[in-house]
Amino acid sequence: MAGGGGPLPTARVTPATPIAATAQQNWAILGATAATINGAVGASDDAPVNGNVRAVFDLVRGLLGAVPGVENAFTVVNDVYDFAFEDDGSLKADIENELARAAAQSGARLVVAQYGQARLSRTRKLSQDSPDVVATGITLWPASATPLVAPWDGEIEGSTLRGAEYELTLSGVDALASGSVRAGERLADAPAGARVEVGVRPVGAPDAPPFTRAELAPAWLALTRDPRPLLGLPAVEVRDAGDLLSRRDASFAPVQEFYYSKPPQIERGKRHYLMSTAGRTYLDMVNNVTMLGHAHPRIAETAARQLRKLNTNSRFNYASVVEFSERLAGLLPDPLDTVFLVNSGSEASDLAIRLATAATGRRDVVAVREAYHGWTYGTDAVSTSTADNPNALATRPDWVHTVESPNSFRGKYRGAEAVRYAGDAVQQIERMVADGRPPAGFICESVYGNAGGMALPDGYLQQVYAAVRATGGLAISDEVQVGYGRLGEWFWGFMQQNAVPDIISIAKSTGNGYPLGAVITSRAVADGFRSQGYFFSSTGGSPLSCAIGMTVLDVLRDEGLQNNAARVGAHLKARLQALQDKHAIIGTVHGIGLYLGVEMIRDQETLEPAPEETSAICDRMLELGVIIQPTGDHQNILKTKPPLCIDIEGADFYVDALDRVLTEGW
Ligand SMILES: Cc1ncc(COP(=O)(O)O)c(C=O)c1O
């Protein structure tokens with residue numbers, strides 16, 4: 001099973017303040033006091049309060065607080081849905097009622113869904129429109145038939161009780177009384193298990209729709225009131241969701257930038273979808289790290305099981321480090337048979353460089369311009385992407401030698417001429433030898449991910465690898481982005497070039513978001529590291545890392561994701577190329593499989609990049625429900641690298657949204 005509906009959580013009424021670890025405990029949290037609930041779910045699930053509504057009598061008098069010290073109202077917050085997603089990444093249409101019934105069967109006397117909350121149960125995937133998700137009232141599910149009483153004196157008109165200050169609207173109840181009622185008199189009956197919508201607004205305010213779009217919510221919430229105090233429950237505490245960004249800025253080094261000037265708050269994901277706390281479901285076109293899809297149940301199960309069993313380090317003797325290393329080596333051609341396990345792509349590429357310098361006894365390294373290999377001292381030195389560091393080219397240490405970016409679209413050599421890049425790089429390597437500085441190695445992404453998913457010119461790696469080896473240096477392939485099946489036809493990027501490197505670095509997909517990287521090389525190169533002492537990484541190769549790494553490989557195989565990358569990637573590229581014929585701003589569509597780049601230009605002749613347009617297009621795509629971001633030195637390429645589980649429907653949604661933006665403007 002690729003995702004889990006699974007059995008519904010059962011609920012117990014409990015006065016305790018439990019920890020959310022399992023579905024059952026999660027429901028238990030919901031049975032705790034409202035203050036606990038608010039603390040447990042965080043700011044974004046909290047609704048604003050515009051002054052508490054005062055009631056003379058509880059609407060559901062006597063229903064709550066029947067057991068001293070125990071609150072028998074379950075408040076439905078979005079956390080309850082986390083265990084209820086279907087395999088296709090959606091929630092069942094009837095999920096709210098189903099969960100409420102389950103809670104009632106487990107002892108809840110009343111289930112209450114919050115006011116002002118964006119309810120994930122109402123979200124829609126693959127929708128260009130913002131859904132009506134924010135509740136302008138509350139929903140009640142009483143476990144037994146419940147008389148509802150007037151909370152204040154008033155006049156009944158249809159489904160509304162108008163008091164001196166507020167109007168109360170009920171739907172889903174057996175007929176309301178009519179005429180005048182006094183506080184405490186019977187108003188209506190809520191049948192057992194019924195779904196009752198309760199709205200409160202100041203007298204004279206317009207009738208609010210029960211649910212509204214997140215964009216309109218502030219206005220409708222200003223015109224309505226939280227009905228919870230009518231149940232004897234405290235109104236929900238106010239917290240500003242925008243507050244999170246200023247708190248982030250205050251505590252988290254701001255140099256760690258975030259996507260979008262007004263980013264949605266994303267707390268949940270499933271497959272190739274991301275859900276915001278504002279109740280929007282986005283198509284995720286950028287997360288190549290979570291290759292298998294978000295919140296994959298098999299990864300979650302593996303991690304939970306292993307954490308309960310053992311997590312130590314590779315100085316101990318356990319099977320998984322051997323099994324995972326064997327499996328990685330088994331995926332590679334000879335002589336790549338020896339594995340180092342680390343925690344990230346930066347560490348992996350850094351170690352790859354250290355291995356090359358140790359094995360050759362040299363210090364100079366050749367790297368390709370417009371590249372990114374990581375943030376460590378060593379990988380930063382060989383990273384020349386000006387998008388990541390505007391001063392990159394001027395600040396390289398003397399041991400780094402860069403060759404021209406083999407960009408066949410806008411570089412020095414274009415189209416058929418692009419084969420000349422290899423010759424230039426070879427000459428540069430030969431000059432280094434002549435200068436008495438033969439390189440320890442040459443590092444390059446085997447498909448040019450950072451430059452927008454561009455394939456290297458035919459024969460490029462074969463020629464440059466041969467030249468570097470002829471001097472006694474080593475070839476390093478950074479497979480952090482493009483390896484692991486993403487290219488569809490090829491498991492590794494270097495296969496597309498028909499070349500075999502001496503060292504490869506991998507990460508990102510390797511752990512599906514769990515920090516896990518590896519370097520794989522030949523036994524001879526690995527042994528060369530002995531000159532540096534020994535190698536140890538505390539969590540690299542831990543039982544947990546290895547268990548997750550192996551489950552990632554299992555799922556990749558079992559779900560046929562490499563084939564899916566080939567099939568959906570081919571469809572996606574063909575559709576994007578068709579868009580190119582329609583919209584002059586698309587200069588070209590780079591890439592292979594599910595690593596594609598849509599390059600935006602202002603002029604077909606000069607190829608002037610269109611970075612401002614690309615940024616605005618990304619913002620508009622977000623409004624239409626798609627997460628996509630720019631890449632490349634000019635920030636004018638839509639980096640299109642979704643989780644490999646994306647389907648044709650998702651790919652079409654992306655292209656249709658892009659077509660709409662390019663047609664209507666941004
Ligand atoms: C090609 C390449 N190599 C290395 C890295 C560094 O990986 P990490 O962020 O896991 O340290 C990245 C990260 O984006 C990358 O794209």
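This is a predicted model: local features need pLDDT of at least 70, side-chain atom pairs count only at pLDDT 80 or more; totals for chains, interfaces and linings use all residues.
Visitor: Where is the peptide bond that is cis?

Guide: The bond from Asp334 to Pro335 is cis, and its omega is near 0 degrees. Pro335 belongs to the loop between α7 (319–330) and β16 (338–342).

Visitor: What is the phi of Tyr260, and where is this residue found?

Guide: Tyr260 is not a glycine, yet its phi is positive, at about 70 degrees. The loop that holds Tyr260 runs between α5 (243–251) and β13 (266–270).

Visitor: Does one count Tyr260 as buried or exposed, and why?

Guide: Tyr260 counts as exposed because it has 12 C-beta neighbours inside 10 Å, and a residue with 12 or fewer is placed in that class.

Visitor: What is the phi of Gln635?

Guide: Gln635, a residue other than glycine, also has a positive phi, near 50 degrees. Gln635 lies in the loop between β28 (629–631) and β29 (637–640). Gln635 has 18 C-beta neighbours inside 10 Å and therefore counts as partly exposed.

Visitor: Which residues touch the most other members of the largest nonpolar core?

Guide: That core has 176 residues, and the ones touching the most other members are Ala352, Ala518, Val519 and Val626. Helix α8 (residues 345–360) supplies the largest share of this core, 8 residues.

Visitor: Which residues are in contact with Val626, leaving aside its neighbours within four places in sequence?

Guide: With those neighbours left aside, Val626 is in contact with Tyr282, Leu283, Met285, Met621, Tyr654 and Ala657.

Visitor: In which sense, parallel or antiparallel, does β17 pair with β18?

Guide: β17 pairs with strand β18 (residues 400–403) in the parallel sense, over 4 bridges. Opposite Val365 stands Val400 of β18.

Visitor: How many bridges join β17 to β19?

Guide: Strand β19 (residues 441–445) is joined to β17 by 3 bridges, and these two strands run parallel. Ala367 has Ile443 as its bridge partner in β19.

Notes
Residues are numbered from 1 along each chain as its sequence is written. A residue is buried if 20 or more other C-beta atoms lie within 10 Å of its own, exposed if 12 or fewer, and partly exposed in between; C-beta atoms are placed from the backbone. A nonpolar core is a set of buried Ala, Val, Leu, Ile, Met, Phe, Trp, Tyr and Cys residues joined through C-beta atoms within 7 Å. Two residues are in contact if their C-beta atoms, placed from the backbone, lie within 7 Å. Two strands pair if DSSP finds at least two bridges between them.
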